[in-house]
Amino acid sequence: MRKGQKVLALMITVTMAISLAACNNAKPKQAQTGISSDLMKPFSRYSKPVTITVARQTNRGGQFAKGESTSNNGVLNVIKKKLNVDVKIAWETDPGSYKQKLALSIASNALPDTFVVDDYLTFRALAESGKLADLTQLYKVSIGGFAKTTIDSYKNNPLKPFEVNNKLYGIAAPQNGYTYNFMWIRNDWLKKLNLPVPQTMDDVKNVAKAFVDKDPGGNGAGKTVGMILNPTDPLADSSNFYSATTIANAVGAFPNRWITGKDGKVVWGNVTPEMKTALGTMADWYKSGVFDKSFMTYKSVDEETPYILNNQAGIFFCGWWGPWVYSTMFKAHPEADWIPVMAPLDSDGKFKHTNPMEPTSCQVISKTCKNPEAVVKAMNVQFDAESMQFDSDPEILAMLKPEREQGGGGRTIDPFSAIANYASMVPDSGKAITDYIKTGNLTLSPLLASQKQPAEDVMAYYKNKGTATQAQRDTFGAYTLGAPLTLDPRNVDVPIAYSYTTESMADLWPSMTALDKQTMIQIICGQKPLSYFDDYVAQWKKAGGDVITKEVQDIVNKSK
Amino acid sequence: MRKNKISMTDIIISIILIGITITCLVPILNTISISLSDRVSAGLGKVYVWPINFTIAPYEEILKDKQFFTSFLVSIFRVLLGGVINVFFCITMAYPLSKDVKAFRAKNMYMWFLVFTMLFNGGLVPSYLLVQNLGLVDSIWALVLPGAVPVFSIILLMNYFKSIPSSLEEAALMDGANPFYIMWKIFVPLAKPAIAVITLFAVVGHWNAFFDGLIYINTPGKYPLQTYIQTLSVSIDYQNINSLSPQDLMKQMAISDLTFNSAKVVVSMIPILLIYPLLQRYFVTGIIMGAVKE
Amino acid sequence: MRKKSSLDIYYHAMLFPGTVMLIIFSIIPMFGLIMAFQKFSPVYGIFGSPFVGLYNFKTLFFRSPNTMQVIFNTVYISVAKILLGLIIPVVFALLLNECRVHWFKRSMQTIVYLPNFLSWVIVAAMFSHIFSVTGIVNSMLLFFGLKEPIMFMASNIWFRPIVILTDVWKNFGFSAVIYIAAITGIDLNLYEAADIDGASRWQKVKYVTLPGILPTIILMATLSLGNVLNAGFDQIFNMYNPVVYQTGDILDTLVYRIGLVNMQYSLGTAVGLFKSIISIILIFLSYKLADKYAGYRIF
């Protein structure tokens, strides 16, 4: 038997040695950069074909036009035509498995030329260990077109966090602003019950109660839900469906955000005294039946949307795109008249909210990539193609047509991370389109080229409601009801103090986030008394809150 | 030999069994009905055993492209290849291990080795590094080799081999047969019921596995069916909701996760439903064993 | 006749290919277990990540306030599942064996194993609806005079029983396959002999069938001990909500939540290692106990 053990030991050693050797061999070599300055220009074409490999996440769901796929489609063809660059897919997964597959790719030193890193700490580790190409110079000379305009349109430089030791290692798609939630409410129900459009906290509560008790939808007793609430995270980032952050904001609480407190110090929104007030209100509302009683037993908002569609809910929180949520209900309930309302307002009559956190995910280029400039240039082409900047060229238009008609919004076939819109796209297009209805003249700046189709859809519905399609009606609702509200003077955009992770967060944050979410839900549905909030704050601070708050404060102080 | 009279006991047993069967059948009908219903009714839990507002939209989504059929073939190939490999290792390992310690002294060492490998595993990262260093990434071998030796099935089959009378083996040895011959010509035919069970386990396991496909396969064209279906997730992209076109958003909203998932389950069950009755036959023919006289 | 010991070489030869496969695909990757003692980052790899000693175990057992409750929940749920998951399939296999109508027997077998092929996502959604405030169970209870509907899925009294029973429901048919196969392996002569002795049906079950499948039962019981700390992640993850954490949170879901933001391979490996060690101890103990007190060798 000894022999057997020896053989076994030998085999392990040999295999480990092989895998070690493999690791060593794969050490990144700095790619030779003998590229002429002409080829560094944003849209310059190569004479010989250049190949780049990408890792991509694909949200399928059958959104491809006929004959197209992730590896053969209009956008790739446009990139090939414009630049003579072939984009090859190294590997692809569904969004849920991307992180895992990327981690394995990293661990085995088999990185594609370019990929998205959606975890900030992984990004830092990659940059610090020298696995990424330095983009500082490249970004200056090679980025151009819509991509550059978009990134430049944001007040705070969205690329700042992707600099490590003053070198740029990632290009981020900035988060769209104006994605905060409004309160969408059934106006026909309000009229039926002779109630005014709610504004204050108490108004909202009374209206929701009235919807439940008086049953304006005629569903039968106990079948109507006052207000839909996000089941997994009722105070989720405000751009999430049915998130009650709006309620918290009205009492001055800003959950899931680092904000600057009254004393000028940075504080985590979930542990402020205002948050206790907000939770107290919500627990009271839950108890008195304003919220759906069993909201926390659902797995996703997908199980709640049916209440809206089935005429059983009168209020939900959603961004300016709300009409697309209730889109399909009109056949069965043509009387439904939803309107977005800026409510609840705070005691000063303002509608406070925060914008989304700054992006923590970015597109990076591997150090082993031979033509990093080709990646940046291909990104330029993708952004321009998707924002319809090439549409004057009929040949390119023909390439992109199948996908446009399919309505995939580009995300299924684009090889690089999501295309962003420039900073004030929502209010600008809302204004342009409402003016179009009033005056009959459509003026869109070049940056809004992609909004031409929505504008025509809105007009089609406006002109003839009878023959308009469901999609045209939804677009009309979103652009004429939702988007214009973003221009309302009562809006107050509360700045976020900090969006990124810190050193200690890697270890501590996950369990603190878990504690956050579970406490919020437990207090709202009365499983824990409101006084438990103080225990929670103490626990949160002890679990790492104090350490992390200090780290954030230090970073904020430094950047002042 | 068997009484043909139907007794009270028979009736009671039948009633209990029918009751059990119904509790099992209802949820299946429920799943099929949900997959064929519209999302509103499905989401509200109104659907029980009959579809409401009949629609085949989720199936259309699944069956739409060629990839579905490519992946279907990959899966069939995987099940055949993986099934044969699994059964081969089961038989060659279970047979010697079914001997008692006196006949095969190293047996216990092998047994604990098997149990050890069943309970401990190094996790995803080292397994991936290994498969990558062996050059198996993006090939079917990455899906069938790492799980080639199913310890649980080996122990089952080993136990079944033990119940086969040793007189058979002794007689064959007397005739000068070697153990390979005995294993193949005497034990394997007699263990048909157990082999049918482990084959079923192997087939079901290979058919249903999706995670290894995601990890080890890079080219979607080589995905097995379950992996492909998994990538068909219809999740709404909240982060980039502003860049969604209305048509796109509507399409995503029209198929709910619930109906879509149900359709996935129904599609993925079909081949198993086809293969099971075939294997079930062997559970019955296994009774021939009783004909061997001690 | 050949000498018995001379057969050893044949047996080793038979075991050789399988053993090699196991060494390559199971033993070699076990070097990854050192991740349990590291702060593993894919960027630095297994050989480059810093060692942190027992830090991950400390995170699990000391830094997370509910760990003891969570371990209790895990063991409670899994032991109940193991017990019912042994008894019910055996009873079912015996009942089925007593059924004499062949077509009925076969179609029934085909039906009861079906739930096994449904994913937990589906099954959990289904039962959530069945047990919801407006679901069929509450409708019936209200009909029989209950005043307020019970929120089963958000009740710390009902959550565990629901988890255990739905698990048994899902798996009993498929588990029964093993016992059905074992029953077909029983020598028919034994039944004939019992008939000649004038044994009743119950006596035949008690003295022929049960002893015939007892080795399989003991084997399955022993092997299932390896699952004492596996209470079923997929199921609980799809069924629980923060209100029932107190009774329903298990080790795997806790680790999932702690590791939510980053892919915490190290923490996951540490928990896996802990579970493996407990499992192998339990299996070893039951092996020894069965040998000592019942004179029965599992292997």
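Q: Which residues of α4(A) are buried?
A: In α4(A), the buried residues are Tyr120(A), Thr122(A), Phe123(A), Ala125(A), Leu126(A) and Ala127(A). Buried means under 20% relative accessible area, exposed means over 50%, and partly exposed lies in between (1.4 Å probe, protein chains only). This is a predicted model, where local features need pLDDT of at least 70, side-chain atom pairs count only at pLDDT 80 or more, and totals for chains, interfaces and linings use all residues. Residues are numbered from 1 along each chain as its sequence is written, chains are lettered from A and ligands numbered from 1 in the order in which they are written, and side-chain values use heavy atoms, with hydrogens and water left out.

Q: Why does Thr122(A) count as buried?
A: Its relative accessibility is 18%, so Thr122(A) counts as buried. Thr122(A) lies in helix α4, residues 120-128 of chain A. Helices are DSSP runs (H or I, at least four residues), strands likewise (E, at least two), and both are numbered from the N terminus.

Q: What is Thr122(A) in contact with, leaving aside its neighbours within four places in sequence?
A: Thr122(A) is in contact with Ile106(A), Val117(A) and Val43(C), those neighbours left aside. Contact means heavy atoms within 4.5 Å.

Q: What covers the buried residues of α4(A)?
A: The cover includes α3 (98-107), β3 (114-117), β4 (163-164), β6 (170-171) and β14 (362-365) of chain A. Just after α4(A), Gly130(A) takes a positive phi of about 75°.

Q: What makes Lys148(A) partly exposed?
A: Its relative accessible area is 32%, so Lys148(A) is partly exposed. Lys148(A) sits in helix α6, residues 145-152 of chain A.

Q: Why are α4(B) and α11(B) oblique to each other?
A: The axes of α4 (residues 67-97) and α11 (residues 192-208) of chain B come within 8 Å and cross at roughly 140°. Axes are lines fitted to C-alpha atoms, for helices over the stretch in contact, and angles run from 0 to 180 degrees between N-to-C directions. Under 35 degrees counts as roughly parallel, over 145 as roughly antiparallel, 65 to 115 as roughly perpendicular, and the rest as oblique. α4(B) and α11(B) are therefore oblique.

Q: In what kind of crossing does α4(B) pass α11(B), left-handed or right-handed?
A: The crossing is right-handed. A crossing is right-handed if the near helix is turned clockwise from the far one by less than a right angle, and left-handed if anticlockwise. Among the residues making the contact are Phe72(B), Gly82(B) and Ile91(B) of α4(B), and Ile195(B), Ala202(B) and Trp207(B) of α11(B).

Q: How do the residues of the contact of α4(B) with α11(B) divide?
A: Eleven are nonpolar, six polar and one charged. Ala, Val, Leu, Ile, Met, Phe, Trp, Tyr, Cys and Pro count as nonpolar, Asp, Glu, Lys and Arg as charged, and the others, Gly among them, as polar.

Q: At what angle do α1(B) and α5(C) pack?
A: Helix α1 (residues 8-35) of chain B and helix α5 (residues 102-112) of chain C pack at about 35°, with their axes 9 Å apart. The crossing is left-handed.

Q: Which residues have the most contacts inside the largest nonpolar core?
A: They are Leu17(B), Val125(B) and Leu157(B), and the core has 176 residues. A nonpolar core is a set of buried Ala, Val, Leu, Ile, Met, Phe, Trp, Tyr and Cys residues joined through side-chain atoms within 4.5 Å. Helix α8 (residues 159-184) of chain C gives the largest share of this core, 16 residues.
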